[in-house]
Amino acid sequence: KAPIEFTTAPADSIKKVLNKAKSHKKSYKQRNHDLGMDEIFDTYAITQKIKKEQLAAILMKIYGEKTDLDLKRISTKGQIFIQDEYDIDKKLYRYVVLSIELDVLKTDESLKFVPEKIITYGELIDSFNRLINIIGEY
């Protein structure tokens, strides 16, 4: 799988997901900033390569906004085993665990998440499709 060669197509899909989020009064750019995605996305395109742990944070922040769930109040201790959990950024750990529990992102066969892995188009699209299916239940 090749790393994402960023174009506007995935950014347009992401805009559609964000536009379905509950904070309709905010602009796309403001929601982008609120979700911590302004370093990765600009108004028109994806501008940086995305690590798997960053994608987990983005997806779960969208999930939390859509479901009115305060992700800071969710306990993640002892809920799931991740072989390489010490490689995950401590600020992003909660999002990684939740993304695995919701089956939006997955570990490999050896239960490694590989947080530094650069996401491919296929993984990006697959994870957003999984999120959309979950959000559709709310």
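**View 1. Packing of helix H4.** The buried residues of H4 pack against H3; burial denotes under 20% relative accessible area, exposed over 50% and partly exposed in between, with a 1.4 Å probe and protein chains only. Helices are DSSP runs (H or I, at least four residues; strands are E, at least two), numbered from the N terminus. Seven of the nine residues of H4 are buried, namely Tyr 93, Tyr 95, Val 96, Val 97, Leu 98, Ser 99 and Ile 100. The model is predicted, local features need pLDDT of at least 70 and side-chain atom pairs count only at pLDDT 80 or more, whereas totals for chains, interfaces and linings use all residues. Residues are numbered from 1 along each chain as its sequence is written, and side-chain values use heavy atoms, with hydrogens and water left out.

**View 2. The largest nonpolar core.** Such a core is a set of buried Ala, Val, Leu, Ile, Met, Phe, Trp, Tyr and Cys residues joined through side-chain atoms within 4.5 Å. The largest one holds 28 residues, of which Leu 55, Leu 59, Met 60, Ile 82, Phe 113 and Leu 131 touch the most other members. Two or more residues come from each of helix H3 (52-67), helix H4 (93-101) and helix H5 (121-135); H3 gives the most, with eight.

**View 3. Surroundings of Met 60.** Leaving aside residues up to four places away in sequence, Met 60 touches Leu 71, Tyr 95, Leu 98, Ser 99, Leu 102, Val 104 and Leu 131, a contact being heavy atoms within 4.5 Å.

**View 4. Lys 52 and the ring of Phe 113.** The charged end of Lys 52 sits over this ring, 4.4 Å from its centre; the criterion is NZ of Lys or CZ of Arg within 6 Å of the ring centre and within 35 degrees of the ring normal.

**View 5. A salt-bridge network.** Asp 103, Lys 106, Asp 126 and Arg 130 are linked by salt bridges, each defined by a side-chain nitrogen of Lys or Arg within 4 Å of a carboxyl oxygen of Asp or Glu. Lys 106 pairs with Asp 103, the closest N and O atoms being 3.2 Å apart.

**View 6. The salt bridge of Glu 123 and Lys 117.** The closest N and O atoms of this pair are 2.1 Å apart. Glu 123 counts as buried at 19% relative accessibility, while Lys 117 is partly exposed at 31%.
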